Each structure stands twice: as C-alpha cells, then as structure tokens.
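Subject: Structure handover

Hello,

Please find the structure below, for your files.

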Amino acid sequence: MKITEMTAVQLSAAIRTGETTAVEAAEAVLAQIEKTDKDYNCYVTVDREGALAQAKKVQERIEAGELTGPLAGVPVALKDNLCMEGLLTTCSSKILHNFVPTYTAEAVKNLQKAGAVILGKTNMDEFAMGSTTETSAYGPTKNPRNPEHVPGGSSGGSAAAVAAGECIYAIGSDTGGSIRQPASYCGVVGMKPTYGTVSRYGLIAYGSSLDQIGPLTKDVTDCAAVLEVLASHDEKDSTSLSREDTDFTSALQEDVKGLRIGIPGDYLGEGLDDEVRTAVLQAAEALKNQGAIVEQFDLSLVEYAIPAYYTIAAAEASSNLERFDGIKYGYRTEDYAGLHNMYKKSRSEGFGEEVKRRIMLGSFVLSSGYYDAYYLKALKVKALIKKAFDQAFAKYDIILGPVAPATAPKLGESLADPIQMYLGDIYTIAVNLAGLPGISLPCGQDRKGLPIGLQLIGDCFQEKKLIRAAYTYELCAKRL
C-alpha cells in the first residue's frame, strides 16, 4: 500500500516496525502535495523544510523508544486558524497576510508531543466564515472527489487534503458544522467533540462560545486516536474541561446491541435531497440490523436554530475581530489621513465580503435598542434548543441524521446566494449551540458520485458512544 493511502494508525505501525520511516512518510506526502495541490488548492502554506526536520527528530525518538503512540511520525495538516510558532497563520485573510505567531496552540502542542509531523496550513473560508472554502483570500479549494464542486467549509482545505492524500489526517475547527460538513462533502470522517474537550488556546476565534477543534481523518479508528491526543485540560483556556474519560480508542468496538437511536422527523422533511434521505435511512437500517433500536421522533425548534446561530455567531465575531485594526499586526493600508481613517481603510481593504457582512450583522444585533430584540432572544432560543436535546437524550443514546441537505454544490453556486448557503448548515449548527459532540462519516454516494455524509450526535461527554456506533457502521459498510 502506498504511504499516502495509509491511515494514521497503519502508517505509525509501519514506522515503528521499520517498514518505513517518518522521513520517508513526510517525503511521500510532500511529493503528493507537489503533484496535486495545484489542482485542489488545499494549502495556504507548506513548510517543507520544517516538516522534514521534524520527521528526522521524530524518527530518532521512535528508534530510541521514546515515542510509541499511534500518531508518531505521521504527517498532519493544520487549518490556517491554528497558531504555530514561526509558521505563517493567516485565517485565509488578507488582513493577516504576514502574521507569524510567537506561540503555539495547545492542541498543536499535544500533536507535537505525540510525535506528529506538521506539514503546513490548509486553506479555509476567511476567519472560518463560510460553508464552501470559497471566501478565502487565497482562492477556492476544490473537492478532490470532483474538482468542479466545493469541498465544504470552513475546514474545506483540511478535508480536501485528507481526501487527496496530501496529508494522512488533518485538524479543523467547527463553529457551526465546519468539520462535519466538509467531511461529508469530501467523503472523510470528521468529529466535533463536546465543547471544552479540546483547548481553544491558540485558535484564532470566530465565535468563542461555539468554536471547537477536532480531527478530519480517513476512518473512525484514526478519528478516535487523534481525538485522544487532542483532548486535554488547559489552564490557559477558561472553558477547558478536565475529563477522565478521554481514552477514545477503547470505544472502537463493533457493538451497538441495545443502543437507542433516534432519527428526528424534522431532519427528513422538506429541503432534504431524496438520495441523501435514502442513504441516511439505509445507514440507520444497517445499525438496526446490528441490534440497535431505531425510531423516529420529533426534535422541536429546528427551524429556529439557524437565526439563533447566525445572531450569536455574528455578535461574537464582531467582538472577536475588533482586534484586527491595522495597528498591532497584519495588514495596514498604505494611504490614509489620520487614525480613524486608517482603521476604516485597513479593515475595508483587509476583510472579505462575507466577513464584513457578519461583522456588520453582529454589530447591529449588539447595538443599543436591538440587543434585547435579537441577541438576548437568540440566547434564550439557544437555551431552549439545549433543553430539547436534553429531553431527546433522556430517551435516546444517539441522534442520527444527515450532515447536509444535499451533496457538494458546484463552485460559485453558493456565493451567489448567501442565505441558501446559511440554510445548508441546518443539521449541524444546533450541535454547536448545545455544546454537543457530533461525528460525520461517509454513507454512500449520489448519482453524480459525490459523497453523502451520515451524522451521529451524542449527549455531552458521550463521544465513546458515537465512536462505537460509527465504527460499527463503518465495518458494516465495508462488508456490503
């Protein structure tokens, strides 16, 4: 098997047994990037020299018996909103075109401790705002399954890099589905853990109460192994949780007997593509045949999730993006008259259209006279959505449904209609509003050969149930 076709767990085992080396693995993936990235545009920055130097050091530590984990020596790509000391980090925005951090994100440090070899930074929707990776200042990423289509977003570069063999696995961030939706579009596995499981220190913020870092991988085994490394308590992040149950690989068992799975009827109604509905229901049937108890139920408040999400996310974005002013770092306009004019021109020239739209929306809902009418009301709806999920999880172990209403749209289609793009997040955003874990995994293709994603949602801290169900389904799908 070619190195670029291996999973992370397979490759690390091959490195440990001496079949290959960390340096050979890095060289093989770098060669693949050189060969195909001009077609897909998955990367903003490729750190060739840095990756090979890391691989050499990691190989020495593997041979000395210091590194024995399932990610040692395995090449990984980072979404371009995760800081790494000395490596250009732009959020795919002109306003951060020259920003080189002086510190490293905690999640990235955890990867480094595990012996991961970091290849570079992947393309994304600017400041993670978008669902197609077309709002990037560095041009759109294309879907390796069909380059005429988008890879999803905002972690589209990470998902596409995994699908194209331009990394063995990748790290993304998920504010309203930004790991799960591109995983679905590109036919890979993506997981958003319970809010607070992975430290957000060093993640450039979009919506702080919603953002969560997670893995994009080739299979469920890799997903569990990577999440186990990422998860840790961090005093530098006030929302970070101290958890004892992060041995996620222990959940890799083919066993769903007696598992109660609920399918929200609201997720199967109007707006869902027929082929997606069929594939998702077939996946549910496969789990039922393995002994799971599957039934439909009514999950209320679904139609309120999108307005609540975009109100809260935009409000937090307008606050978080206030710091990009052309003074401290990043882009500064060349021609200006006075301080206020410099602020205005730097931000007008540095931010893209979608980011400006959300900053303006956020500033509006936080403004005097509208705060109660919009932002406060959205927070109340968020609490009601959490309550609806609590009621559902009193009856079910897992909620099953689609990731997106349809498969990947063609390049250019979504940007022409931003509202339609927002509606594409209908099945993913409620998970972020409630702080829940969710996983996306492939469950078939449509007639055009584009991947369809299955979403499994769990209650807080129930990642292991999701991994067990996903692993069981994956094995069933392989046997078909």
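Eleven strands form an open sheet with mixed pairing, in the order β1-β3-β2-β4-β6-β5-β10-β11-β9-β7-β8. Helices (H or I, at least four residues) and strands (E, at least two) are DSSP runs numbered from the N terminus, and two strands pair if DSSP finds at least two bridges between them. The edge strands, β1 (43-46) and β8, each pair on one side only. From one strand to the next the twist averages 30 degrees; axes here are lines fitted to C-alpha atoms, for helices over the stretch in contact, and angles run from 0 to 180 degrees between N-to-C directions.

This is a predicted model, in which local features need pLDDT of at least 70 and side-chain atom pairs count only at pLDDT 80 or more, while totals for chains, interfaces and linings use all residues. Residues are numbered from 1 along each chain as its sequence is written, and side-chain values use heavy atoms, with hydrogens and water left out.

Strand β2 (residues 75-79) pairs with β4 in the parallel sense over three bridges. In that pairing A77 is opposite A170, and L78 is opposite I171. On β6, strand β4 (residues 169-174) is joined by five bridges and runs antiparallel; there A170 stands opposite L216 and D174 opposite Q212. Strand β5 (residues 189-192) is also antiparallel to β6, with two bridges, and G190 stands opposite L216.

How many of the six residues of β4 are buried? Six of the six are, so β4 is largely enclosed by the rest of the structure. Buried means under 20% relative accessible area, exposed over 50%, and partly exposed in between (1.4 Å probe, protein chains only). Both faces of β4 are covered, with Y169, I171 and S173 buried on one side and A170, G172 and D174 on the other. Strand β6 (residues 212-217) likewise has six of its six residues buried, so it too is largely enclosed by the rest of the structure.

The helix I looked at is α8 (residues 274-289). Its 16 residues reach 22 Å from the first C-alpha to the last, close to the 22 Å expected at 1.5 Å a residue; the expected span is 1.5 Å times one less than the number of residues. V276, A279, V280, A283, A284, A286 and L287 are the buried residues of α8. Seen down the axis of α8, they fall within an arc of 155 degrees, so they line one face of the helix; the arc is that of the directions from the helix axis to the C-beta atoms. D274, Q282 and N289, on the other side of α8, are exposed. The cover over the buried residues includes β7 (260-264), β8 (293-297), β9 (398-402), β10 (438-445), β11 (451-458) and α15 (463-479), where contact means heavy atoms within 4.5 Å.

After α8 comes G291, with a positive phi near 110 degrees.

Some backbone details remain. G153 and S154 are joined by a cis peptide bond with omega of about 5 degrees, and S154 is in the loop between β3 (117-122) and α5 (156-163). T133 lies in the loop between β3 and α5; T133 is not a glycine, yet its phi is positive, near 60 degrees. T133 is buried, with a relative accessible area of 0%. N41, in the loop between α2 (22-40) and β1, has a positive phi of about 55 degrees although it is not a glycine.

Regards
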